[in-house]
Amino acid sequence: MPSQKSFSIEVFPPKTPEAISELRKTRAQLAELSPKYFSITFGAGGSTQQGTHNIALEIQNEGYEAAPHITCIGSTREKVRERLNEYRSCGIRHIVALRGDLPSSYGVLGEFHYANELVEFIRAETGDWFRIDVAAYPEMHPQAKSMNDDINNFVRKVEAGADVAVTQYFYNASAYFRFMENVQAAGVSIPVIAGIMPITNYTQLARFSDMCGAEIPRWIRLRLESYGNDLASIRAFGLDVVTELCEQLLEGGLRDCIFTVSTELPLPRKSGSVSGFTKDRNDLFLSWIGNLPGYKENGTAIRRYRFFMDYFLRSASTSSGRNFAAILSSTPLTNL
């Protein structure tokens, strides 16, 4: 019997009181879809480590699974040990161990140089207490010498004790399947979760993709560039791109994915009805997948809606499905 589908959510630690409040609202709505866990990122050089810690504890205390990131950059064994003990004492059992990004102004890497060293240390300190996730790069890490070199680095993280891998986001489904073939040929069999990045702002996406080595296919770049500052069109097109990507991955056998969610944009509020669903309910659902406004009254929009609804309701428990169905059929959520 095939394993059940699941999805998770990755969030960035807020930096302002307003953003913290917005994240709580967004997280409360996302929780209705029963994500498997919430992953909380770490800023470059550990710049948001306290924010990561605070959000992780808040999520855990609310009864959801939290997966805080821990990075090598700027860390010492003693600091990591203290953080692990804090998480353990709070019942957190899931860690994402990464090398991390080095800010341009940063000069000291820390006592850990590579993620496999961090994974090995966590295992030695805590045994099997934590599920340890590591990063995977379907399109190759930007600093790797070759794809073969990158696969070897990945294997070292698995041999050090990683349980699961989460990929860098990508827009070519073939890159994910090719990566899976390569790591399986190398003898790796741990689950590899697909990282999904919704497209909401082309300028930001292009800058971040150039920095982290994620490829934006030329046809997508050209289309996004043609929209200029028309954010509604960018988000509507981006939603189509991500939907089709997910469809290809699911058809190819993917069971788990993680969506990166922005909390900087307000959730959209609209009125009217299409095919029996009010647009604010429909947009509320789509907004959960990365705050994506730009709903259009056409067959493509209905297909997008049905695809995401089908995917998430089939991946959730029966009770969760009923809860979400009740939300869709109730009066519009106007408290956002």
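Predicted model: local features only at pLDDT ≥ 70, side-chain atom pairs only at ≥ 80, totals over all residues.

Trainee: What makes residues three or four places apart in an α-helix point the same way?

Mentor: An α-helix has 3.6 residues a turn, so residues at that spacing point the same way.

Trainee: How do you know that the span of helix 3 is close to the expected one?

Mentor: Helix 3 covers residues 77-89, which is 13 residues. The expected span is 1.5 Å times one less than the number of residues. For helix 3 the expected value is 18 Å, and the distance from its first C-alpha to its last is 18 Å. Just after helix 3, Gly91 takes a positive phi of about 90 degrees.

Trainee: Which other residue has a positive phi although it is not a glycine?

Mentor: Met140 has a positive phi of about 80 degrees. Met140 lies in the loop between strand 5 and helix 5.

Trainee: Why is Met140 called partly exposed?

Mentor: Buried requires a relative accessible area under 20%, and exposed requires one over 50%. Met140 is at 25%, so it counts as partly exposed.

Trainee: What is in contact with Tyr137, leaving aside its neighbours within four places in sequence?

Mentor: Tyr137 is found in the loop between strand 5 and helix 5 (147-160). Contact requires heavy atoms within 4.5 Å. By that criterion Tyr137 is in contact with Asp150, Lys157, Gln168 and Phe179, its neighbours within four places being left aside. Tyr137 and Asp150 are 13 residues apart in sequence, and their C-alpha atoms are 7.9 Å apart in space.

Trainee: What makes strand 5 largely enclosed by the rest of the structure?

Mentor: 6 of the 6 residues of strand 5 are buried, so strand 5 is largely enclosed. Both of its faces are covered: Arg131, Asp133 and Ala135 are buried on one side, and Ile132, Val134 and Ala136 are buried on the other.

Trainee: How do you know that strand 5 pairs with strand 4 and with strand 6?

Mentor: Two strands pair if at least two bridges are found between them. Strand 4 (residues 94-98) and strand 5 have 3 bridges and run parallel; in this pairing His94 stands opposite Arg131. Strand 5 and strand 6 (residues 164-167) are joined by 4 bridges, also in the parallel sense, and Asp133 stands opposite Val164 there. Both counts meet the requirement of at least two, so both are pairings.

Trainee: Why is strand 8 called largely enclosed?

Mentor: Strand 8 (residues 256-261) has 5 of its 6 residues buried, so it is largely enclosed by the rest of the structure.

Trainee: Which strands are joined to strand 8?

Mentor: Strand 1 (residues 6-11) is joined to strand 8 by 6 bridges, and the two run parallel. Ser6 stands opposite Asp256 in that pairing. Strand 7 (residues 192-196) is joined to strand 8 by 3 bridges, again in parallel, with Cys257 as the bridge partner of Ala194.

Trainee: Is Phe237 buried or exposed?

Mentor: Phe237 is found in helix 9 (residues 231-251). Its relative accessibility is 7%, which is under 20%, so Phe237 counts as buried. Leaving aside neighbours within four places in sequence, Phe237 is in contact with Trp219, Ile220, Arg223, Leu224 and Tyr227. Phe237 and Tyr227 are 10 residues apart in sequence and 9.7 Å apart in space, C-alpha to C-alpha.

Trainee: How many disulfides does a search of the whole structure find?

Mentor: The search finds 0 disulfides. A disulfide would require a pair of cysteine sulfur atoms within 2.5 Å.

Trainee: What does the protein chain come to as a whole?

Mentor: Its secondary structure comes to 12 helices and 10 strands. Of its 336 residues, 53% count as buried.

Conventions: Residues numbered from 1 in each chain as written. Heavy atoms only, no water. Buried < 20%, exposed > 50% of the residue type's maximum accessible area, 1.4 Å probe, protein only.
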